[in-house]
Amino acid sequence: MLAAAHPRRRRWLDAAFLLLGAALIVLSLGTLAALLLDLLRDGLSRLSLEFLTSFPSRKPDQAGVKSAIVGTCAVMFVTAVTALPLGVASGIYLEEYARKNWRTAIIEINIANLAGVPSIIWGLMALGLLVYALGLKRSILTAGLTLGLLVLPIVIVATREAIRAIPQGIREGAYALGASRWQTVRHHVLPYSMSGILTGAIIAMSRAIGETAPLITIGALTYIAFLPPSPVTPSPPFVSLSWLDSPFTVLPIQMFNWVSRPDPRFHANAAAAGVVLMSITLSMNALAILLRYRSRRVIRW
Amino acid sequence: MTRKKMRQNAATLIFLGWFAGAAFGQALVRIDGSSTVYPITEAVAEEFMSANPGMQVVVGISGTGGGFKKFYRGETDLSNASRPIQVAEMEECKKAGIEYIELPIAFDALTVMVNPANTFVESMTIEDLRTIWSPEAQGKILKWNQVRSEWPDQPLALYGAGTDSGTFDYFTEAVTGKAKSSRGDFTASEDDNVLVQGVSKDKNALGYFGFAYYIENQDKLKAVPIVNHENKPVLPSEASVMDGSYTPLSRPIFIYVNRKSLDRPEVRKFVEFYLKEGPALTREVRYVPLPAGAYKAAMERVAKGQIGTAYGGHSETGLHIDELLKRPLSTEPRK
């Protein structure tokens, strides 16, 4: 054993690896920080409450991201309520219920492959299936479902990884006490794997929020100066889902449009919209991290 | 009522609410198409909505071709187009029973640009441009003195529009005589701002892009006068584009209106608003408006509901706007 014969060399290798790891982290975080600083420097002058509450305009200093923020949030909401329950349920089924045979093997391979399908393909699929075949129009619902499908494999894979990390003894303990399979999942497997599942959810939603290509394919707009109808109505039934039918735009599309305008003042708007997009992503992540922290606290093995 | 029943009722009500709300979007004008025409339509939409509360306009960008696809599916009321409707699109419209009114609404001028440090280029002819940009020049015409012997022995750095853009189609058609026929060894970008950056930093550069990008960056770029059909070198400007002397690198851009949509008051009102307020707003977003008579003629087309195109399904370069407006309109492709 070469390594065992040279304890000093081993220690040196250890230190070198530590140094390399630290350098890589600094490099990647530094790049992110530089990008953020650059965005902030270009966009800070435009960031104001007015920018957040104005509709797009041909006048760069009056233009804002109101419709894009609302559009992004609405689409993300639909994506979250479709992809997360479906993805987690599929993950649980594949790990806890499905028999390990060739059929599940095929499903597993397919899910892994789906995670690698380029987003534009999902857009084309959604255009054919959701917009034309199912007649859902070019709406928030279509966009949310498209992105939901896009990130579904990520959620499934993350859920399975999280569940697999739970020691088999936990399950056996539950069964020994007479718990049914569902009770075991509900009271043990799911709570204990929650932090891993939430990490997967963060990754999935962060991927979805920046997507532009599939949304352009299904017909996201560029100029829209009104909001979808409110989900809450003053008269019974007090809840309305008509906002799902509404045309929409999202932040990345608004940014892209501004970047390509001739007037350089629009480029500052694009940077400011970038900062807004980053803040939404970061606050989404913060929420998930908070939930993860709380779910970890309750675990007592 | 049991809890379960209450829950069921709530779900039913929510669904009913959805369908009750489905009537939403009645006074909505739907527009899609070219990114070149977009800034003008956006400006008109903005003004129209503040002048007509309750009427809503939405504008998308999916390119001239993408816009026509939605148009002949009946998904949009207006289509922004940076080139006239093509034969295949005319046939699709006919198949779907869509009748369209062709309205030129502004000029777009392609501007040939060099670096401000370039002092030797005083003007260029279309032949010069053809020598540089034709497919045969690829890998061969690499120095300025290969274009004209009096120009210096310096490398030639080329910047041009991305191959998916209407700008590329128009420039190649005007210069080489065939749309999309171009050399491939140049810096191409769909984003004209990238080209502005490139030309402004490279003293050997030559590039072409939309007039509006030149106007916004005049301090960093030098426009090249183009020798026109009367053998006169002409710089692109509002005056020279409007009177037709900056040719063949200027072209009209269009909106196409679904005739059936005009029966809806919001669409008719929007189109009339477009033609009335268009000239001022066009100038504001740095495009060149048509001469006043052209808007009048277009207004007449709308009033009379004259359908069809003046181009017969083929793009043409160097066509004067007056000539274009006098031409008969047809929905039949010309051979």
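The term covers a side-chain nitrogen of Lys or Arg within 4 Å of a carboxyl oxygen of Asp or Glu. The rule finds 5 salt bridges across the interface of chain B and chain A. This is a predicted model, in which local features need pLDDT of at least 70 and side-chain atom pairs count only at pLDDT 80 or more, while totals for chains, interfaces and linings use all residues. Residues are numbered from 1 along each chain as its sequence is written, chains are lettered from A and ligands numbered from 1 in the order in which they are written, and side-chain values use heavy atoms, with hydrogens and water left out.

Chain B and chain A share 14 residue pairs in polar contact, both residues at pLDDT 80 or more. Such a contact is a pair of N or O atoms within 3.5 Å; within protein, one must be able to donate a hydrogen and the other to accept it, and residues adjacent in sequence count only if both atoms are side-chain atoms.

On chain B, the elements giving two or more residues to this side are α1 (3-21), α2 (38-51), β2 (56-59), α8 (211-216) and α10 (265-284). α2(B) gives the most, with 8 residues. Helices (H or I, at least four residues) and strands (E, at least two) are DSSP runs, numbered from the N terminus.

Now the whole interface. Contact, meaning heavy atoms within 4.5 Å, takes in 34 residues from chain B and 32 residues from chain A. About 3,000 Å² is buried between the chains, 59% of it from carbon and sulfur atoms. Buried area is the accessible area (1.4 Å probe) that two parts lose on being put together, summed over both.

Strands also cross between chains. Strand β1 (residues 223-224) of chain A runs antiparallel to β2(B), joined by 2 bridges. Pairing requires at least two DSSP bridges between the strands. Tyr223(A) has Val59(B) as its bridge partner.

Within chain B, there are domain 1 (3-108 + 252-326) and domain 2 (111-242). These bounds come from an automatic or database domain assignment. The domain centres, taken over C-alpha atoms, are 32 Å apart. Between them, the domains bury about 1,200 Å², 60% of it on carbon and sulfur atoms. In domain 1, Arg286(B), Val288(B) and Thr317(B) lose the most area to domain 2, together 46% of what that side buries. Arg286(B) also meets Glu216(B) in a side-chain salt bridge (3.3 Å, N to O). The count between the two domains is 2 salt bridges.
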